[in-house]
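Biologist: Could you take me through the salt bridges in this one, pair by pair? I'd like to know where the partners sit and how much of each is showing.

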Amino acid sequence: MARHALRGWDAFGIVGDVARDWPDVEAATKYDGSPVLKCGGCFMAGMAVHESSEIDTLVVRIDVDARPALIEDAPETYYLTAYYEPHPVVLARLARIDGDALRDLLAMARRATLLKASRSRG
């Protein structure tokens with residue numbers, strides 16, 4: 001957590017503002033103290049804290065089939081590191097994503113997370 005600047009944690013507030021009124025989305029804190037959004041009790045989005053990620057990067061659950069197109073269409077915004085590649089997530093540079101793209105990304109994340117949550121229950 002120390003390698004991420006305080007502004008990163010403050011920036012996560014914007015992420016929460018976008019999604020806080022959506023059904024089944026809740027703000028929470030991970031074991032390491034970093035903020036996350038959960039949907040249906042499952043991880044949806046949070047600040048990327050692994051050393052392979054850039055500072056002020058959001059890690060977001062996504063359908064892995066949609067990930068290549070996001071990265072190809074906007075590599076200045078979306079990326080992936082070897083650490084995160086095995087997981088159904090994409091990394092987003094908060095300084096590069098605008099409000100509409102953030103809203104769309106989080107909507108994709110919510111759908112992917114609801115699908116995961118329903119599979120976990122059933």
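This is a predicted model: local features need pLDDT of at least 70, side-chain atom pairs count only at pLDDT 80 or more; totals for chains, interfaces and linings use all residues.

Modeller: Let's start with Lys30, which counts as partly exposed because its relative accessibility is 27%. Asp32 comes out at 25%, so it is partly exposed as well. The side chains of these two, Lys30 and Asp32, form a salt bridge, with 3.9 Å from N to O. That's one of three salt bridges in the structure.

Next up is Glu54 with Arg93, whose side chains meet at 2.8 Å, N to O. This pair ties together distant parts of the chain, 39 residues apart: Glu54 is in the loop between strand E3 (42-47) and strand E4 (57-61), while Arg93 belongs to strand E6 (residues 89-93). Arg93 has 19% relative accessibility, and buried means under 20%, so Arg93 counts as buried. Glu54, at 35%, is partly exposed.

Arg103 makes a salt bridge with Asp100, and their closest N and O atoms are 3.9 Å apart. Arg103 reaches 41%, so it is partly exposed.

As for why such pairs turn up, side chains of opposite charge can pair when their charged atoms come close.

Terms used:
Residues are numbered from 1 along each chain as its sequence is written. Side-chain values use heavy atoms; hydrogens and water are left out. A salt bridge is a side-chain nitrogen of Lys or Arg within 4 Å of a carboxyl oxygen of Asp or Glu. Buried means under 20% relative accessible area, exposed over 50%, partly exposed in between (1.4 Å probe, protein chains only). Helices (H or I, at least four residues) and strands (E, at least two) are DSSP runs, numbered from the N terminus.
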